[in-house]
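The following paragraphs lead the reader through one structure, step by step. Please keep the sequence and the model in view while reading.

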Amino acid sequence: MSLQLFDTHTHFDVPEFDEDRQILAEQAKQSGVNALILIGFLRERFNDLLHTHEWLNNQGNIVPTSHLAPGLHPFYIEQHRPEDLDILEQFLQTHECIAIGEIGLDTFLKQHKVPEVYEKQKDYFLKQLLLADQYDKPVLLHIRKSHADVLQQLKKIKFKQGGIAHAFSGGVEEAKAFVKLGFKIGITGQVTNPNAKKLHQVIQTVGAENLVIETDCPDMAPLCCQVSDATRTRNTPENLYYVLEALAQALNIDKDILAKLLWNNSVQTLRLNTLTIV
Ligand SMILES: [Zn+2]
């Protein structure tokens, strides 16, 4: 059987893909990407997210199947308004959504560490976790320099829906704590970088049974696909194959066996159990 891969985190709806989305979607499918998630970050983008989702699912099986996860991203906290949460809830009621994402905390920028800004991030995170609980949805977490606080929020409300800790950048103990709370650890093209020591330790510790893969396109291009003279190379869903390959090597597991395991981890976490491969 040919490979069956699940790209658990994409921004394939963004304008960077407007010109060649069709061909990229077909190439992704040919390289084994059978399904992908389109993830929200700003309320203004929800319509485009939905439009790309419907467009993909109207093409039949020459492109990956699309799943929706709307959410309000902590990095764009200054732009979110209270009514955006109502619009998010309406969106959940009106459209079939697989999860809420991406949500979480991000203190990478100095301006986000300012107490009132960080409090706003925590407030939007908490409210979206409660929405996820209310609508029985897993969440796709964005966590940057805030692992302890994200874990604290999840524990505080005894969050039971699980989900994916996307583009994981924490350490071994943090990874174990997320796994204990029912989360899978999302691995990006960073796994292709042998110098990403902390990430490789996390991978070895939690093991294949707790991992899923993602491109996070258009960001996080695998090393092999980066253009040396470019400040940033656009990542595409097709590159998911290189994430699989590097992860198989890191775990010393056969690529096909690992692919099946990762697919099943993804569909179980996202509650698409009918798609489990036996
Ligand atoms: Zn993202």
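The buried residues of helix α5 are covered by elements that include β4 (100–106), α4, β5, α6 (172–180) and β7 (183–187). Here helices (H or I, at least four residues) and strands (E, at least two) are DSSP runs, numbered from the N terminus. Covering is judged by contact, that is, heavy atoms within 4.5 Å. The model is a predicted one, in which local features need pLDDT of at least 70 and side-chain atom pairs count only at pLDDT 80 or more, whereas totals for chains, interfaces and linings use all residues. Residues are numbered from 1 along each chain as its sequence is written, and side-chain values use heavy atoms, with hydrogens and water left out.

Which residues of α5 are buried? In this helix, residues 147–156, they are H147, V150, L151, Q153 and L154. Buried means under 20% relative accessible area, exposed means over 50%, and partly exposed lies in between (1.4 Å probe, protein chains only). After the helix comes K158, which has a positive phi, near 50°.

A nonpolar core is a set of buried Ala, Val, Leu, Ile, Met, Phe, Trp, Tyr and Cys residues joined through side-chain atoms within 4.5 Å. The largest such core has 71 residues, and L141, F178, I185, I187 and L247 are those with the most contacts inside it. Leaving out residues up to four places away in sequence, L247 touches I187, V191, I203, L211, I213, L258 and L262. There is also a second, separate core of 15 residues, and I39, I164, W263 and I277 are among them.

P138 is found in the loop between α4 (115–134) and β5 (139–144). Is P138 buried or exposed? It counts as buried, because its relative accessibility is 2%. Apart from neighbours within four places in sequence, the residues in contact with P138 are I98, A99, I100, Q161, G162, G163, T269, L270 and R271.

Next come the cysteines. A disulfide is a pair of cysteine sulfur atoms within 2.5 Å, and a search of the whole structure finds 0 of them. C97 is in no disulfide, and the nearest cysteine sulfur, belonging to C217, is 19 Å away. C97 counts as buried because its relative accessibility is 5%; C217 is likewise buried, at 0%.

The model also holds a metal site. Which residues coordinate the zinc ion? The ion is coordinated by H9 (NE2), H11 (NE2) and E102 (OE), at 2.1 to 2.2 Å. Donors are N, O and S atoms within 2.8 Å of the metal (3.2 Å for Na, K and Ca); water is not among the atoms, so sites may look incomplete. Along the sequence the donor residues follow the spacing H-x1-H-x90-E. H9 is buried, with a relative accessible area of 1%, and H11 is buried as well, with a value of 7%.

The last topic is charged pairs. A salt bridge is a side-chain nitrogen of Lys or Arg within 4 Å of a carboxyl oxygen of Asp or Glu, and the structure holds 10 salt bridges. One of these joins D13 to R45, with the closest N and O atoms 2.9 Å apart. This pair links distant parts of the chain, 32 residues apart: D13 is in the loop between β1 (5–10) and α1 (21–30), and R45 is in the loop between β2 (33–39) and α2 (46–57). Both D13 and R45 are buried; R45 counts as such because its relative accessibility is 14%. R45 also forms a salt bridge with D48, whose closest N and O atoms are 3.1 Å apart. D48 is partly exposed, with a relative accessible area of 38%.

D20 is partly exposed, at 23% relative accessible area, and R234 is partly exposed at 28%.
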